Structure formats: structure tokens, C-alpha cells
Amino acid sequence: PHWPVAECALLLKLWLVLTVRVVSLGVSGGTASGKTTVCDMIIQQLHDHRVVLVNQDSFYRGLTAEESASAQDYNFDHPDAFDTEQLLECMGQLKRALPVNVPIYDFKNHRRCSERFRKVNASDVIILEGILVFHDQRVRNLMDMKIFVDTDADIRLARRIRRDTVERGRDVSSVLDQYGRFVKPAFDDFVLPSKKYADVIIPRGGDNHVAIDLIVQHIRTKLGMHDLCKVFRNVFVVQSTFQI
Ligand code: CTP
């Protein structure tokens, strides 16, 4: 039978809508703004769903031995420090509900742990977290909802000093030097300008329970719609199979 083009296009559109089943969130904000805490709180509240957290940090390019020797002069806050192509590939797979291997990054040695990966399974919700996840338009286009965690710079610096000295093997003077030379300028040039792409801006990060509750409600609505779509899709598939 000859199908009119308009009807075919409509059917194709319907099929695409019905087969989308992953909700993806982007969580951005300056260094030590509390992005991870916000993500953890969302994940906790969505305990009855399969949720996966992907960190942009996992896609840092590993430094060569030569670069490592002068790591204090390397700009880890510039968009070029990340392997965005690989990030896009991984996110694309997850959006198609396929499992992926995410690299593991070692902040102490500025290297990828070669041979070791974190296996991430297909999920209902993907959260991508990182300082520059709103910078690249292709990455932004993957997100159904974009959240910017807005925390005062003095609080972020205090947290960063504590974290980098305790967890990342740095001393206070190197943290302050890196902050002044790279972290703050890159925040002003790349992170802050990307805030305009956010759908939701959360002041005070993880302390803002009301904002997190509202975000979780929105995700649940989206997941509910997808569940409804799945039912329709199954009915549609069963009916077409039956007619054949
Ligand atoms: N960075 C570093 N050394 C590396 C790689 C990255 O010091 N070898 C720093 C960069 O300077 C960048 C920061 O790591 O500013 C990015 O991590 P950040 O966003 O601070 O970490 P999260 O734990 O995701 O932050 P949050 O506290 O908001 O959860």
C-alpha cells in the first residue's frame, strides 16, 4: 500500500517519542559548589528508579609524563582539558539505554587509570555533573533539564582548599596558586557564562532542600510520562504484530 508522506512522518515522530525512555539531567556550577551533594540528594530521593551519575571529571585527558612534571602550569579548568568527544559517545550510548565503560581518573597523578573502567548500566535517569557540562552545545543538547548550583565564591574556595589538601594530595599554597591562575579566570570566562543555559539555578547547593524536592517532582512527572509512553508503545507493537 502507498502511505502518504505526511502520515509516515507522523508515525515516525510518534515512534521516536514513544521509544525515548531515558531522562537526562545536567548539573553544573563552579568548583566545590556542591554539585555532587545535589546529585546524591536527587539519587537518594529517586531510590525506586535506576539512576546513574556520570562525572565530567572522568573524561579529563590524562597528562603525558612531561606535562605531569609541570602539572602546576596546566589549566585543568579550560574546556580543552576534557575529552568531550568521548563524553558525547558515552552519553549517547546511555541515552540509547545501552551500558558503557566510563574511564577512571586519578586526581593525584593527573592520569587516567589505564585498563580500569567503571561499568555503567542502562538507567532510567542519567545525571551528568561537572564544571563545564553546559559549555559545549552538543553536550547541552543531550539534556532534558539543566541545573546550575550557585554557591558563593568564598565558600567554594574554602571547600576546595579542604578537599584538595585532604583528598587530592595538594598543599594549601599550590591550591591558592592554581585558584588564582586558572580556576577563577576559567570560572569567569567559561563556567559563569554557561549559567544562562540553566533551566533551574539552585542557590546554596545541597542546603536547598525545597529546590531539590521540586526538581525530583519534575523528574518523577517525566518518568511517569515515559512509563505511560511505554504502555502505549507496547500496545502499538502488539497491535501491529497481530495485524501482520
Ligand atoms: N582539577 C585538578 N587537578 C586535576 C584535574 C582537575 O585540580 N588533575 C580541578 C580543576 O581545577 C577543576 C576541578 O578539579 O576546577 C573540578 O572538580 P570540581 O568540580 O571541583 O569537583 P566536584 O567534586 O565535582 O565538585 P562539587 O564539590 O561541586 O561536587
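Guide: A polar contact is a pair of N or O atoms within 3.5 Å. This is a predicted model, in which local features need pLDDT of at least 70, side-chain atom pairs count only at pLDDT 80 or more, and totals for chains, interfaces and linings use all residues. Residues are numbered from 1 along each chain as its sequence is written, and side-chain values use heavy atoms, with hydrogens and water left out.

Visitor: How far is the side chain of His-110 from a nitrogen atom of the ligand?

Guide: An N or O atom in the His-110 side chain is 2.8 Å from that nitrogen.

Visitor: And which distances involve an oxygen atom of the ligand?

Guide: For Glu-129, a side-chain N or O atom lies 2.5 Å from a ligand oxygen. For Thr-36, a polar side-chain atom is 2.4 Å from an oxygen atom of the ligand. The protein buries 94% of the 630 Å² that the ligand exposes when taken alone (accessible areas by the Shrake-Rupley method with a 1.4 Å probe).

Visitor: Which residues come nearest to the ligand?

Guide: Thr-31, Thr-36, Asp-77, Glu-129 and Arg-160 do, out of 21 residues around the ligand (a heavy atom within 4 Å).

Visitor: What classes make up that shell?

Guide: The shell has eight charged, seven nonpolar and six polar residues. Here Ala, Val, Leu, Ile, Met, Phe, Trp, Tyr, Cys and Pro count as nonpolar, Asp, Glu, Lys and Arg as charged, and the others, Gly among them, as polar.

Visitor: Which helices supply at least two shell residues each?

Guide: Helices H2 (35-45), H6 (153-166) and H7 (172-191) each do so (helices are DSSP runs of H or I, at least four residues, numbered from the N terminus).

Terms used:
A polar contact is a pair of N or O atoms within 3.5 Å; within protein, one must be able to donate a hydrogen and the other to accept it, and residues adjacent in sequence count only if both atoms are side-chain atoms.
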